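Look at the sequence and the model together.

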Amino acid sequence: MNQPQLNDLERQIIVGSTRGNQNLPSLDYQETVAPMQDEEIHLRDYLDVIIRRKWVILLCLLFIFSATTLVTLTSTPLFQGKGTLKASASQGQLTSFEDIQTNVLKSMEFQQTQVNLLESEQLSIRLIDKLNLLTNPFFNEEIKSEQDEGASFASLVQLTLSSIRNLIRFSSETDENLTPEGKKRLLTDDVVKKLQDGLKISPVRNSELIQLSIESPDPQLSADIVNTAMEEFVQMLMDTNMQSSENAAQFLEKQIQAAQIKLEQSEKELNNFSRQAGLVSMDPKLNLIMRQLEELNDALAKSRAERISKESLYQQAISKDNQNLPQILQDDLIKNLKAEHSLLAGEYQDLSTTFKPAYPKMQQLKAKIDDITQRIREEKHFIIESIKNDYEAARKKQEYLEEKAEEQKQKAIELNDRATQYKILLRETETNKGIYESLLQRAKEIEATLGAAVTNINIVDRSRVPLYPSSPKVARNLLLGLLLGLFCGVGLAFLLEYLDDTIKNPEELIERFHIPVLGLIPFDKECVNKRKDMALKSYTDPRSPVAESIRTAITSIDLSAAEHPPKTILVTSILPGAGKSSLSTNTALSYLSSGDNCLIIDVDLRKPSLHRVFDAERKGEGLSSVLSGISTLKEVIQKTDYKGLDYISSGPLPPNPAELIASNRMRELLKTVSEHYSHVIIDAPPFQGFAEILVLANMVDGLILVTVEGDTPRDGVKHFRRSVLNVNGKILGTIVNKTGKQKGYGAYSKYSYYAYQYDYNYGEARNDG
């Protein structure tokens with residue numbers, strides 16, 4: 001798969017064309033058929049990967065399962081002790097107000113704090129002293145190694161790790177330089193570390209419970225450690241609370257004395273200043289100026305509201321639609337005058353139908369109506385003037401109150417200016433008084449509860465001595481090892497499959513690259529490392545599965561162009577070792593069975609191989625001799641031991657094989673031999689790395705690509721297809737060689753492996769019967 005070599009050779013061919021060679025292909029790619037598609041993945045594809053990579057999966061499974069089994073069976077049985085604590089979040093305070101150092105904790109924060117205290121070094125040291133764990137073999141590895149000379153595998157591992165830790169310590173910490181106190185300190189630190197790692201503290205979610213557990217080889221030791229840890233934790237908190245109460249009592253005693261002195265001093269300063277400034281109090285109920293200012297503000301607010309109301313009524317009265325004023329509509333005199341006016345107007349209207357306006361009676365009625373109208377107008381005017389007077393009075397009252405309120409405000413400001421120092425002293429006095437009373441109350445509470453051992457931590461469940469070991473759990477570990485090995489094996493198999501970019505199934509050639517599959521040649525174990533026997537299989541063993549599958553492939557080749565079957569066929573592969581030379585020979589021999597004459601040409605001018613099949617001399621005259629003009633075509637055609645089959649060897653290896661094959665002599669040679677032979681089989685070099693295939697692609701009737709499952713790269717097939725189509729070559733299809741070598745679940749693999757398990761003995765058995 002050396003792509004750069006192919007590009008260099010193609011450039012050489014292009015350069016050679018400038019010297020008169022016009023038969024070299026263009027490298028500009030032009031897609032002439034349907035574009036390649038990615039194949040659809042089915043379940044059987046995954047099963048095929050698993051079956052083909054079964055040994056990887058089995059080895060990975062065996063390794064992990066064996067390691068798990070070894071570790072599980074060699075591990076020391078451990079017994080687990082369990083206990084439960086209840087940690088309530090209620091907590092007292094040193095003062096009635098929130099202190100900076102002792103703030104109210106939330107429930108979750110309090111529980112986490114207790115967990116951290118359970119993991120603290122102080123509790124571990126108390127537990128070590130209580131149970132004398134420094135002399136326990138489980139925690140002191142030196143004692144354990146002395147008592148148990150035949151240690152288990154796990155113990156050996158622990159001892160090795162301990163030795164490594166001792167080696168990497170600084171020289172100042174070596175046993176030779178440490179005092180007895182230092183050695184004890186070092187041993188205590190190791191035991192504390194091991195105890196903290198072994199004691200598991202687990203808060204129960206959504207509750208105030210905390211579970212403690214530890215595992216050790218001794219069931220009694222496991223229960224004792226858990227129970228003692230809970231007891232010592234409660235006692236540690238009680239001791240801490242007692243010490244805190246004593247410290248708080250002493251601290252409060254000093255604070256009370258200081259607060260009392262400060263309170264007395266502030267009261268004296270307040271009394272002296274109040275006497276000098278003539279101030280009794282700043283309370284409005286006791287201060288005349290402030291009370292008068294408050295009363296004036298209330299009166300001013302009411303006066304302003306009254307003025308606004310009367311101003312609104314006055315504005316309506318002087319407007320054009322003042323006829324709807326409530327005062328005018330509800331006035332009794334105006335109502336009577338309007339009623340009298342209506343009677344006179346009605347009477348006047350009745351007489352106007354008989355008499356003229358100059359009639360005396362009519363004139364009298366008209367005079368009365370005008371008089372009433374004038375009186376109504378005067379009454380309305382009087383009402384409007386009354387509204388105006390009320391508005392003016394309200395406005396003047398508001399102005400007066402505003403003036404008085406402003407005067408009183410100035411007096412209050414002057415009072416505040418004088419009373420600023422008074423307020424400061426008063427506030428300081430009240431603050432000192434509050435602090436003194438709070439401290440005094442808290443001191444009495446601490447004095448009353450000083451001897452009581454109160455704690456908010458309670459033991460719920462004590463640990464009982466376990467009867468059965470908690471670890472190792474053999475069944476669980478073996479099951480996990482089995483599942484882990486299976487998953488890792490399958491994962492590794494698919495990883496290797498992903499990294500392996502080769503053809504796994506002949507269907508890929510059809511679906512992904514649109515290259516038809518002409519035939520499947522089964523893998524023949526008998527001919528492994530026997531290339532000549534494999535090349536002559538169609539002749540020496542015509543009833544073999546290989547011969548039968550080659551005849552099937554030839555039928556597919558002839559049917560690929562039924563009207564004009566291909567005569568000149570180029571056989572190549574992507575990489576060496578695909579078996580193209582053997583297939584070329586078997587194909588030529590198969591054509592002889594139908595009475596045709598056939599010519600096979602070895603055009604691999606770099607590493608020819610057909611001369612070994614026909615026992616010919618490679619260095620004699622051959623194809624390179626004809627193309628160089630040294631020999632004639634008739635001189636290089638050799639007869640073989642098989643009637644109807646002729647052979648042209650590669651001849652001497654030339655320094656420029658690509659230029660020789662690209663010459664017009666090669667085209668003329670193929671044209672000449674195709675006129676005298678029914679079929680011409682060209683055994684070409686591999687495509688990957690050489691340019692001869694591109695040169696020969698448009699000289700022959702078709703190309704056959706020999707592929708091998710698990711060996712032929714996808715990228716090579718992709719580049720082969722594009723390059724051949726670029727030079728207008730015709731790909732007849734592919735022959736999949738050595739099928740069944742890698743057994744899988746795919747349809748082609750199963751068919752290729754089982755379909756040719758019988759031979760023509762089946763027919764012989766039937767005839768004998």
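Strand S7 (residues 598-602) and strand S9 (residues 645-648) run parallel and are joined by 4 bridges. One of these pairs links cysteine 598 to its bridge partner in S9, leucine 645. Strands here are DSSP runs of E with at least two residues, and helices are runs of H or I with at least four, numbered from the N terminus; two strands pair if DSSP finds at least two bridges between them. The model is predicted, so local features need pLDDT of at least 70 and side-chain atom pairs pLDDT 80 or more, while totals for chains, interfaces and linings use all residues. Residues are numbered from 1 along each chain as its sequence is written, and side-chain values use heavy atoms, without hydrogens and water.

S7 and S9 belong to an open sheet of 8 strands with mixed pairing, in the order S5-S12-S11-S6-S10-S7-S9-S8. Strand S5 (517-522) and strand S8 (638-639) are at the edges with a single partner strand each, so one side of each has no neighbour in the sheet.

Another pairing is antiparallel: 4 bridges join strand S2 (residues 200-203) to strand S3 (residues 209-216). Proline 203 stands opposite isoleucine 210 in S3. S2 and S3 form a hairpin with 5 residues between them, and asparagine 206 in the turn has a positive phi of about 60°.

Leucine 482 lies in helix H14 (residues 474-499). Leucine 482 is partly exposed, with a relative accessible area of 39%; the term covers values between buried (under 20%) and exposed (over 50%), with a 1.4 Å probe and protein chains only.
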